[in-house]
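User: Please take a close look at the surroundings of the ligand in this model and describe them in one connected account.

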Amino acid sequence: MNDSPIVILTALDVEYEAIREKLDVPQVRRHPQGTRFEVGRIRGGKCRIALGLVGKGNQSAAVLAERAIAEFSPVALLFVGVAGALHTHIALGDVVVATHVYAFHGGTSEDDGFKSRPRVWEASHGADQLARHVARTRDWAGGGRAPEVHFGPIAAGEVVLNSRVSGHAHWIRQHYNDALAIEMEGAGVAQAAHLNKSLPVVVVRGVSDGADGTKETTDREQWQARAVANAAAFTLALAENLAGEEQDRARSEANDTKGSTDMTGTTRNVAKDNARVGVQAGQVYGGIHVSSERTAPTDPTKAIAGLAARLQQARTAGQLDEDTYQAAQAELATASETLLTTTPQDMGAVTLALKKVRGLVAEVAILAAEVGTIIALVQGLS
Ligand SMILES: Nc1nc2c([nH]c(=O)n2[C@H]2C[C@H](O)[C@@H](COP(=O)(O)OP(=O)(O)OP(=O)(O)O)O2)c(=O)[nH]1
């Protein structure tokens with residue numbers, strides 16, 4: 001199973017908190033340059049989320065989106081935040097999902113005025129379709145009355161718009177008059193996703209003011225927290241759906257690449273008494289070597305090094321998620337170091353570390369069996 005997370009980025013602390021509080025025991029993942037991500041599953045759900053805070057503005061959003069994509073190879077990138085509504089039919093607390101993101105500041109300044117040079121990123125078709133499905137089901141709001149979800153363009157620039165009559169307001173009305181909401185990060189994340197093989201990206205905004213001079217009042221009335229709670233609920237429902245689709249896709253890909261179509265019959269285990277059975281399977285994918293002779297390891301240090309390499313392969317193949325992989329490697333490192341300093345009479349600490357590894361990889365039977373063999377070897381030395 002592919003357990004790549006979905007990256008969710010936010011600009012403001014109130015936005016970050018709205019997602020974080022829905023994660024089950026999030027674990028910190030520190031980038032070497034100091035960026036902190038928190039990774040955890042959605043409480044009561046299956047989807048793994050890698051959450052990041054990028055601050056205000058398209059530039060830092062783009063740089064940190066690139067960093068998150070490189071770090072997690074996510075299935076999709078979602079941005080959650082607040083925005084100002086640009087049309088009066090959009091109410092405070094409504095959710096706006098971007099079908100396009102306009103970078104509205106692009107242009108050329110000439111003798112006869114400023115000319116628009118629009119740059120636009122379109123949401124990926126599959127993600128857009130899925131987001132519309134989530135909006136239709138209406139159960140994303142957790143049983144309460146779901147706020148309206150609007151699909152349409154979002155304008156992303158470098159200013160907070162808090163006026164209906166300013167030059168910026170006029171510019172947007174004139175050139176981007178179908179934009180539903182305005183914000184400051186969507187263009188940055190859309191650009192980063194585009195540069196990463198057009199990774200699916202969805203920008204979801206909760207409307208916390210009307211971009212009309214009332215922002216101070218609506219901020220005081222806590223509309224940022226209220227609006228982003230709605231956007232976060234919608235985004236997490238979308239993330240679960242995206243992750244579910246990705247699993248379906250991976251499953252059907254595995255079926256498509258299955259080997260011989262003859263191997264659809266039943267495999268019956270006829271082994272008796274002390275016979276050892278290596279593999280029982282109806283269908284086997286990929287190259288598998290089955291041997292009647294099994295060479296037991298004799299050197300625990302080498303056996304642990306070999307196991308570390310196989311853990312890495314299992315992570316790459318998506319059999320182990322990142323957190324489990326890291327925890328198992330840490331225990332293996334403890335076991336190796338302890339082996340170097342412990343006398344044969346006291347192998348308890350090594351065995352304990354290996355038992356923890358066995359617990360961590362229990363879902364991957366072949367790895368758990370390998371750890372069991374090493375434990376037996378270590379116990380035989382004491
Ligand atoms: N509600 C709302 N959000 C906006 C607007 N423009 C805009 O960029 N945003 C989004 C994207 C930014 O990440 C963030 C900016 O809002 P903010 O409350 O931090 O703005 P500000 O800088 O004026 O706030 P402050 O720190 O001075 O109080 O909200 C807007 O006009 N209304």
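Analyst: UniProt positions are given here in the numbering used for this structure, with feature names shortened, and such annotations may be inferred rather than shown by experiment. With that in mind, the unreviewed UniProt entry lists residues 5–238 as "domain: Nucleoside phosphorylase". This is a predicted model, in which local features need pLDDT of at least 70 and side-chain atom pairs count only at pLDDT 80 or more, while totals for chains, interfaces and linings use all residues. Residues are numbered from 1 along each chain as its sequence is written, and side-chain values use heavy atoms, with hydrogens and water left out.

Around the ligand there are 17 residues, of which Lys56, Leu161, Ser208, Asp209 and Lys215 come nearest (near means that a heavy atom of the residue lies within 4 Å). By class, this shell holds 8 nonpolar, 3 polar and 6 charged residues, where Ala, Val, Leu, Ile, Met, Phe, Trp, Tyr, Cys and Pro count as nonpolar, Asp, Glu, Lys and Arg as charged, and the others, Gly among them, as polar.

Oxygen atoms of the ligand lie 2.7 Å from a backbone N or O atom of leucine 161 and 2.5 Å from a side-chain N or O atom of lysine 215, whereas for serine 208 a side-chain N or O atom is 2.6 Å from a nitrogen atom of the ligand. On its own the ligand has 640 Å² of accessible area, and the protein covers 75% of this (Shrake-Rupley method, 1.4 Å probe).

As for confidence, the predictor gives the complex an ipTM of 0.92 and a pTM of 0.71.

Technical notes. A polar contact is a pair of N or O atoms within 3.5 Å; within protein, one must be able to donate a hydrogen and the other to accept it, and residues adjacent in sequence count only if both atoms are side-chain atoms.
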